[in-house]
Amino acid sequence: LAEFSLRRPEDLVGMVLFSSAPIPVLSFTQKQDMIQAAIAAGGVGRGLSETEIGRGLLAAADYFDQRPYAGSRLILMVSDGGAQLEPEVRQRLTTLFKRHRIALSWIYIRSAGSRGLQAQAGDSEAMETAPERSLHRFFQSTGVPYRAYEAEDPEALQQAIADVGRMQNLPIQYQEMLPRFDFAPRCYAAAAAGCLLLFAAAMLRIRRWP
């Protein structure tokens, strides 16, 4: 994730961590030192057992509220998907994703004992109703651009990040406030020129003899 951000210095990046509750870490910024520090903070220590994915996604979607649409919008979620979403949360997420025109990419970190997001031969009924598969089916049903990547090793994670980088590559429009032009040097120069003219006129003045 840190390398992904470094390769896209013009992007505006925000970050939300989530476990038992969402933790807004970083508002949208292009400052790489802040982005890198936020990503590094997400890897400190072990997470809690509870995973409130719904509240985390809602907090991320709220980042786009009251912002003009000026480029690709993506929520890149990194999670094992070990949570179920209430119907109300699903409806709110679908509404916000469509309203703000947000694409979703999920980098799925497979936990021990999981058979992955896709159905496989020999899967039990419990596997079919596993939280991660339920989430995957819900995201597919939202009607917004969605892709899932099963990152089983560092190479697969790198491939997923590279794929996201290729897809989310639209131009970004943003406004930047420039400082006002400083006219002080020109005013000082004009004043100095005026003083020199006055001094020259005083030197050329014919003094009357007493």
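Visitor: How many bridges join β3 to strand β4, and do the two run parallel or antiparallel?

Guide: Two strands pair if DSSP finds at least two bridges between them. Here six bridges join β3 to β4 (residues 103–108), and the two run parallel. Within that pair, L74 stands opposite A103 in β4.

Visitor: What kind of model is this, and how are residues numbered?

Guide: It is a predicted model: local features need pLDDT of at least 70, side-chain atom pairs count only at pLDDT 80 or more, and totals for chains, interfaces and linings use all residues. Numbering starts from 1 along each chain as its sequence is written, and side-chain values use heavy atoms, leaving out hydrogens and water.

Visitor: How many helices and strands are in the protein?

Guide: Helices (H or I, at least four residues) and strands (E, at least two) are DSSP runs, numbered from the N terminus. The protein has eight helices and five strands. Along the sequence the pattern reads α-β-β-α-α-β-α-β-α-α-β-α-α.

Visitor: In what order do the strands of the open sheet lie?

Guide: Three strands form it, in the order β3-β4-β5, with parallel pairing. The edge strands are β3 (74–79) and β5 (146–150), each pairing on one side only. From one strand to the next, the twist averages 15°.

Visitor: Which helix packs on the sheet?

Guide: Read contact as heavy atoms within 4.5 Å. For direction, axes are lines fitted to C-alpha atoms, for helices over the stretch in contact, and angles run from 0 to 180 degrees between N-to-C directions. Helix α6 (residues 131–141) packs on the sheet and touches β3, β4 and β5. Its direction makes about 160° with that of β4.

Visitor: How many residues has the largest nonpolar core?

Guide: A nonpolar core is a set of buried Ala, Val, Leu, Ile, Met, Phe, Trp, Tyr and Cys residues joined through side-chain atoms within 4.5 Å. Buried means under 20% relative accessible area (1.4 Å probe, protein chains only). The largest core has 26 residues; L57, I75, F97, L104, W106 and F139 have the most contacts inside it. Elements giving two or more residues are α3 (53–62), β3, α4 (87–100), β4 and α6. The largest share, six residues, comes from α3.

Visitor: Which residues does F139 touch?

Guide: Leaving out residues up to four places away in sequence, F139 touches L57, M77, L104, W106 and Y146.

Visitor: What share of the protein is buried?

Guide: Buried residues make up 31% of the 210 residues.

Methods:
Buried means under 20% relative accessible area, exposed over 50%, partly exposed in between (1.4 Å probe, protein chains only).
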